[in-house]
Amino acid sequence: MSHGAYATTLVVAEELSSQSLNPHLRLLEDETGDLVMDDILASDIHSWSVLPEGEQANFGFSPAAYWVTVTLSNPSAQPVELVIRQDYPLIDQLDFWHANSEGAWQQVATGDLRPFHTRPLNLRDFVFPVTLAAHATQTYYLRYQTAGSVNIGLSVSSKTAFLPQLAKEQILLGVYYGGFLVLVIYNLFLFLAVRDRAYAYYMGYAVCYGLYFGVHNGVSFQYLWPGNPWLANQSLVFLLGLTLIFGTQFVRTICSGAQLAPRTDRVARWLMFFLVPLTAISPFVSYGPMVLSLAILTLVLTLLFMVMGIISVLRGSIPARYFLVGWSALLVCVVIYMLKTFGLVPHNGFTHNAFQVGALIEMVLLSLALGARVGEIQRHGYVDQLTGLHNRRYFDEQLPREFSFAQRSGTPLALMILDLDHFKGINDRLGHARGDEALRAVGQLLKKQVRKPVIACRYGGEEFAVLLPRTDLNAARKVANRLLKGVAAMDFEGAKLSVSIGVSGFEQNCFDTAIELFETADKSLYQAKAQGRNRVVFESSGEETFLPKGL
């Protein structure tokens, strides 16, 4: 800042759109906070400073009080009704002085450590209406003192320009908080349907986040607790702590941190254990150190969650992809806002609201991540974890569905039931771990040999089922022979594998129900077992297919 310089007087007009007062401000830092209005009026011009061109009056966390003065001039023949606005509502004590018609100084003492009714207008920001007489020049003084970040965001506009702008802002705020509410209600219904704890964490995160921004915007003080300045101040850090706690649990769940990124998850868990008592004591601790501590933790956790998301994506998590995009948007916005909080970037409409915009974008993408998680849960519910094939539950649902389609469309449908021969002997001689390897190998063979719309499932134990829609018995025979040869080619420490296969086919309405189709294939399987194993038996003729010698 430049010291001992004069700030230019701003010439106003009857139709004056919102204009920043930064180029017209003079500032004085009161390090002890002891100066009063008489001291200011008697102060030397050289003790004041002005902002360099383009610089903002943002001083981060400071124990000092800041005095600001601005001079406005009305050259017209009519008085002009003006509105001087401070757009950052988290100022503990804000005092405004203006001269009345007799030249006496009038003080308006407000701030969020004072009851809401001390504000000249019932608005979330600090708004001071003044009337500048015709052919008059008037100087105004403001004093800022706060335990939080000192952001001086002053602007002036005519009353006629201010009211339409205020209406537009109210609509945007309604849309913003309405978006949060819709996301919470939508995911509440999903939670009641699926009972997944990730939805509970998401709703806690969204509700606390929305309330936090309500405090941050001054909306909560205006509508929820206008007569309680203590709650207006302390609720900010408490809600930020709750947001971080719910957010930590949500990220750990949606990214499957314990399974996919255990080391990062462990760090997040320990940070959460630190956050819980810190949040609990936050209403009873000095605001400045507490908000600074939580701001630093926010940055640390944001980076930690980014690392967890990247690890989870690299290890195949689909929900983590949506999370990573949403968290990246929030990360950029958090960094911008924190730099503004510490006075490293200007305080303006973009930097002040960047956190909120990023949060809403993130909430939408996290809701999509939850949808992907539901799909993943459903897939896991239909997948056999050992072989990676579909499980019996999936087979039991698909068999009647495919049978019904074959009946309606007149298309063939084949079914194969496979059972590994002498599998108990493999477990007994080589151990269950090697037996599991054999089952996984058969599962991989089935994946390679069959393609959609064929459905391969592990039916149970060492038994598998393969459903072949739009496939007749001749085509099914070729698939069965390939599987027979593929299994016989496997070797586990000298233990040869073989498989018995029973096949049935639905053609020309030869079965009335899906159960009959299955029972016929199962009967053919037992015929294959009874006739010596390592072969395929078809339901229609009892025909056997042996593994050719030399393979």
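Contact here means heavy atoms within 4.5 Å. This is a predicted model, in which local features need pLDDT of at least 70 and side-chain atom pairs count only at pLDDT 80 or more, while totals for chains, interfaces and linings use all residues. Residues are numbered from 1 along each chain as its sequence is written, and side-chain values use heavy atoms, with hydrogens and water left out.

Start by colouring by pLDDT, the predictor's confidence in each residue, from 0 to 100. The chain has a mean pLDDT of 85, with 91% of its residues at 70 or more. Select residues 546-551: pLDDT stays under 50 there, and the model has nine contacts for them beyond four places in sequence.

Next, select Asn233, in helix H5. Helices are DSSP runs (H or I, at least four residues), numbered from the N terminus. Asn233 has a relative accessible area of 6% and is therefore buried (under 20%; exposed is over 50%, partly exposed in between, with a 1.4 Å probe and protein chains only). Leaving aside residues up to four places away in sequence, Asn233 touches Asp92, Asp112, Leu113 and Tyr287.

Now show H5 (residues 229-254) with H7 (residues 262-281), whose axes come within 10 Å and cross at roughly 155 degrees. Axes are lines fitted to C-alpha atoms, for helices over the stretch in contact, and angles run from 0 to 180 degrees between N-to-C directions. H5 and H7 are therefore roughly antiparallel (over 145 degrees). H5 passes H7 in a left-handed crossing, meaning that the near helix is turned anticlockwise from the far one by less than a right angle. On the H5 side, select residues including Phe238, Leu242, Ile245 and Arg252; among those they meet in H7 are Asp265, Arg269, Met272 and Val276. This contact of H5 with H7 has eight nonpolar, four polar and three charged residues (Ala, Val, Leu, Ile, Met, Phe, Trp, Tyr, Cys and Pro are nonpolar, Asp, Glu, Lys and Arg charged, and the others, Gly among them, polar).

The crossing of H7 and H8 is left-handed. Residues of H7 including Leu271, Phe274 and Leu278 meet residues of H8, among them Leu297, Leu301 and Phe305. The contact of H7 with H8 divides into 17 nonpolar residues, one polar and one charged.

Last, select Ile310 in H8 (residues 287-314). Ile310 is partly exposed, at 39% relative accessibility.

Definitions and conventions
Helix = DSSP H or I, 4+ residues; strand = E, 2+ residues; numbered from the N terminus. Parallel < 35°, antiparallel > 145°, perpendicular 65-115°, else oblique.
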